[in-house]
Amino acid sequence: MLRRHPWIIPASFLALPLLVYFTFVILPTMNSLYYSFTDWSGYGADFNFVGAANFEKIFSDRLFSNAIKNTAIWLALAMTAPTLLGLALALALQGKRKVNTIYKSLFYLPICLSPVIIGIIWVWLYSPKLGIVNLFLRSIGLEDLAIAWLARPNTALIAVFVAWSWQQTGLNMVIFLAGLTSVPAPLVEAAKVDGANYWQTLVKVIIPMLRPATVVVLALTAINALKSFEVIWVMTKGGPFNNSDTLAVFMYSEAFRKLKLGYGSSAAVILFLMTLVIIVLYFRQVAKSDELYE
Amino acid sequence: MLKKRLLVAILAVLVAGLAVTPALTQDDLMGDFTASHYFGGFGGEYIEEIVDDFVAQHEGLNREASPVDHEQFKESILVQLAGNNPPDTFSYWAGGLIQAIVDGERLQPIGDIWEANDLGSQFPQGIIDSALTYNGEIYAVPLTLHWVGMFYNTALFAEHGVMPPTTWDELVAAAETFKMAGIPAFALGSLNRWPGQFWFDMLLLRTAGNAYRQELMNGKASYTDDEVVRAYSMWNDLAQAGYFYPDANAYDWDEAANQVANGEAAMTLMGTWIGGHYESLGLVAGEDFDYFSFPTVDEDIPRASLGPIDTFVVSAAAANPDAAKAFLVHLTDPEIQLKFALGAGNLAPSTAVDPGSYNTVVTRILGEIAADPDFAFNFDLATLPAVAQIGLNSFQEFMANPGDYEGILERVQEAAAAEFAAAM
């Protein structure tokens, strides 16, 4: 029978993970999509099918536009700051010196922490009076900069982003470190022999060779940035007055604070589609890289 | 709105000090029992003790603990209700929030235990009507009643020769005195948004009255009306004059309370639970801290007290509704109501509680409630939940940009009108 139906063995191995994937990923996604076409409050027993009304409304919603703007700022910062910092750290800490191992562990440490813990730590750091950030600023005479970072509308988003980057940078560093091990040493040596200085070697040899790692870093950073929620919620809950609302926070606020789960689900669907675009671009890039190296 | 009936009932208690012991159900209760609540500090510890005692009294019951942080509770309970796996019973704020989940068919009425235990005789009719009755049926049992007033540092007031203000002019003069001394008059911790609502509520109640405020809460008046603009304008005058402790949005309510306790600010507009907080710090009511009622602004406007009422309700999908209902009856025990009230600095809704049991501050507050012809729920419990969120954000925005209050009100009105229209 197995000879006549060789697909039975792989299918039986695949069945359980597929079932789990369908139950915990596909089904909830379809559920959200379904609710996005309803006016369900999120707690009531009844709801109505409202067609595309939620989607029509959301694009004229001032708070949704605000969340899109903040998400765009967040995404743009995320694609640059933690990426460049992660690369810089990886370059500085590559090699097997003992001190490098210690520093790598320290920079990697935030990844081991829950985003909620990260948020709480940074709320302490930003505390207006006793936080280390303001104590430091005051100690170097920058009294005017010692402000309530999380309470000011023009600094809250950036302040939360710094906390989020603390974690993301460590992850990027690890990926770049792994990428650096695949840069052939003879190639770097050859560049040096040809008279290239460190900067030229970096730009002309190392960074091009890091392209696969960079694709992974950018894709993961973009996905993490779009779905970032916990750190923001713990630190500001999107405040003050929506100034650190991202799409994920907007979605949660509409669904569970305003008790409009149907409407919040429409934001979730839009967020899902945005993430999907990045994932598709990522896989296309990975496929291209595979072709290149084959 | 707790009207005259609350006044009559509380006066009756003050005079008579009735002692009615509720009849506890003696049925054998079986199975798992889940009770969830949002109380922290003393209230959290004591409610846990109450639940444990209740379970210990019924051998067949097995308690499943489900502690939740106060702020997180507001969202997590809705997730549980939506998932049809709620706790058997949970604490909830009377007013718009209970109304919303009653309309969503997520609670079950408790008329059977209400009648069987004659609970109607143990609570003021005003509370029964406004806080426990929804769509014509009783859904909740009250555990504690809060009152919002101005709590102040007595030493600072004495040091600067300031008497508790009774009029708006006196309040402004007191604030100016403290400002001249380099002390912010008002501490406000609006990090979690809700403390800001008390300023809006009080100013509107004192300048436009409770009847107009009810219209506004129900979407029948506009946030751009002269009444609302006037209230905000007065609030703006205080903010622009520099009477508030800087960066209100950076601090939570207890941090603002501590600013007053530490002498960094003179007073804070807060609920009676601040008394429990101060007493937990070792401060003595009437000596280290005291209160005054938010001053009268317009003599022609009838005064109203303001505050939330905490209740316990029974989930429609409760796995053990018998235990949940028996627990609600258990909560009506005057001893439990009094101990909870004393520990948290609040008032017990039960008329069987002896008014002489409270400290001097709370006893005087009982008199304030009795003297005010109206009692109103605070903003986020008095209006649609979606509108409440819009308003709460606007209070934060106001504290950051007080001068833009007219723009803020226009945006609030636009968003609130859309929510009221959608809810019709």
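The domain assignment of chain B, which is automatic or taken from a database, gives domain 1 as 4-146 + 307-376 and domain 2 as 148-303 + 384-423. This is a predicted model, in which local features need pLDDT of at least 70 and side-chain atom pairs count only at pLDDT 80 or more, while totals for chains, interfaces and linings use all residues. Residues are numbered from 1 along each chain as its sequence is written, and chains are lettered from A and ligands numbered from 1 in the order in which they are written.

Let's look at how the two domains meet. Their centres, taken over C-alpha atoms, are separated by 27 Å. Across the boundary, 23 residues of domain 1 of chain B are in contact with 24 residues of domain 2 of chain B; contact here requires C-beta atoms, placed from the backbone, within 7 Å of each other. On the domain 1 side, H2, H4 (96-103), H15, H16 (360-371) and strand E14 (374-376) of chain B each supply at least two residues. Helices (H or I, at least four residues) and strands (E, at least two) are DSSP runs, numbered from the N terminus. H16(B) gives the largest share of that side, five residues. By class, this side of domain 1 has 10 nonpolar, nine polar and four charged residues. Ala, Val, Leu, Ile, Met, Phe, Trp, Tyr, Cys and Pro count as nonpolar, Asp, Glu, Lys and Arg as charged, and the others, Gly among them, as polar.

The axes of H2(B) (residues 41-57) and H15(B) (residues 334-344) come within 9 Å and cross at roughly 160 degrees, so the two helices are roughly antiparallel (angles over 145 degrees). In H2(B), B:Phe42, B:Gly43, B:Tyr46 and B:Ile50 meet B:Ile336, B:Lys339, B:Phe340, B:Gly343 and B:Ala344 of H15(B). The residues of this contact divide into six nonpolar, two polar and one charged.

For a closer look at one residue, turn to B:Asn62 in strand E3 (residues 61-63) of chain B. Leaving aside neighbours within four places in sequence, B:Asn62 is in contact with B:Asp32 and B:Phe33. B:Gly31 is 31 residues away in sequence, with its C-alpha 6.0 Å from that of B:Asn62.

Chain A has 13 helices and zero strands. Buried residues make up 36% of its 294 residues.

How values were computed
Buried ≥ 20, exposed ≤ 12 C-beta atoms within 10 Å, placed from the backbone. Axes fitted to C-alpha atoms, helices over the stretch in contact; angles between N-to-C directions. Parallel < 35°, antiparallel > 145°, perpendicular 65-115°, else oblique.
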